[in-house]
Amino acid sequence: MTIDIEKKGPEGATPPSGPEAIKAIPVRHYGRYIAAVVAIALLAAIVYAFAQGKINWDAIPEYFFDDRILEGVGQTLLLTVLSMAIGIVGGILLAVMRLSKNPVTSSIAWFYIWFFRGTPVLVQLFVWFNLGLVFEYINLGPFYKDEWSDFMTPFLTALLGLGLNEAAYMAEICRAGLLAVDEGQTEASHALGMSHSKTLRRIVIPQAMRVIVPPTGNEVINMLKTTSLVAAVQYYELLRNAQDIGQTSGAPVEMLFLAATWYLLMTSILSVGQYYLERYYARGSSRTLPPTPWQKVKKNLLSFSSRQGVKA
């Protein structure tokens, strides 16, 4: 005969099958609701104020693809690319000079960075533009000789003012990237018989790009917006052309909104390019790359469809 004996607890009670589920009650953040209502109210007030203002909104699409506007966009992009090229090349050179053990070259680089970072770029543009009041002629010996007013055109003024100023900022960005590379990399390359210049080109700079690229992308976007300052030195880019159209058409404020729309469009495209460039240089440092915008959208659509299928 078999007798089943039910195991009892210390008090003779049957133990529960599992722990009871915790009933978590979320904390209500009333401050968030109030902040959201205030933000929506402020946004609605701003939209209503502009809607009631005397603004001819039809003038913006009318002149959006005007030949002068498109020409200004092209000049803005050209000036951005050339100024950034001068800034990047000059920044790398200044960063190497700043890290040099030669006190003369390092001091020159330090003084350059100190001066151009410490003075406003608009002041520098005016200085280049008005140097004709100090120097009547420019004489480069047998190569070039001309009057300063003919030599220093508005385009050259804008290029020098923006490019040389950007070189000072890029120098600090490049220096931070070079210092981020472990010194053991340089010592190992020197032990293998590589020269200092070859070590920079093949070992240090490729690894420093992971640190240099993200802030450089921000500098490109900032340079695109800074080009609007060259309108003060008679250079016809997007803002200057928009201002001229506004004066002749009687819609100055509307043309400023048009220029702002073009700047937003161009900076948005550059931001997307910066994202993919950072993602490219993150391949060697991250195990999993951040998802692209399309991958994020695809993931959200798949998760939404799966939730709908569970509900059905």
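How do the residues of the lining of the largest pocket divide into nonpolar, polar and charged? There are seven nonpolar, four polar and four charged (Ala, Val, Leu, Ile, Met, Phe, Trp, Tyr, Cys and Pro count as nonpolar, Asp, Glu, Lys and Arg as charged, and the others, Gly among them, as polar).

The model is predicted: local features need pLDDT of at least 70 and side-chain atom pairs count only at pLDDT 80 or more, while totals for chains, interfaces and linings use all residues. Residues are numbered from 1 along each chain as its sequence is written, and side-chain values use heavy atoms, with hydrogens and water left out.

**Stop 1: the largest pocket**

Select L99, L179, T186, H196 and L200, which are the closest to the centre of the largest pocket among its 15 lining residues. A pocket here is an open set of points on a 1 Å grid over the protein atoms alone, where a 1.4 Å probe fits, with protein on both sides within 12 Å along at least five of seven lines; lining residues have an atom within 4 Å of a point. The volume is about 520 Å³, taken as the space filled by probe spheres set on the points, with grid points joined across faces, edges and corners.

Next colour α7 (154-180), α8 (183-191) and α9 (196-226), the elements that give two or more residues to this lining. Helices are DSSP runs (H or I, at least four residues), numbered from the N terminus. The largest share, four residues, comes from α8.

**Stop 2: the second largest pocket**

Move to I88, M209, I212, V213 and T216, the closest to the centre of the second largest pocket out of 18 lining residues. About 300 Å³ of space lies in this pocket. Its lining has 14 nonpolar, four polar and no charged residues. α9 gives the most, with eight residues; α3 (67-98), α7 and α11 (252-281) are also among the elements that each supply at least two.

**Stop 3: α3 against α9**

Show α3 and α9 together. Their axes (lines fitted to C-alpha atoms over the stretch in contact) are 11 Å apart, and the helices pack at an angle of about 140°, on a scale from 0 to 180 degrees between N-to-C directions. α3 and α9 are therefore oblique to each other (angles under 35 degrees count as roughly parallel, over 145 as roughly antiparallel, 65 to 115 as roughly perpendicular and the rest as oblique). Contact (heavy atoms within 4.5 Å) involves residues including T76, L77 and M84 of α3 and L200, E219 and M223 of α9.
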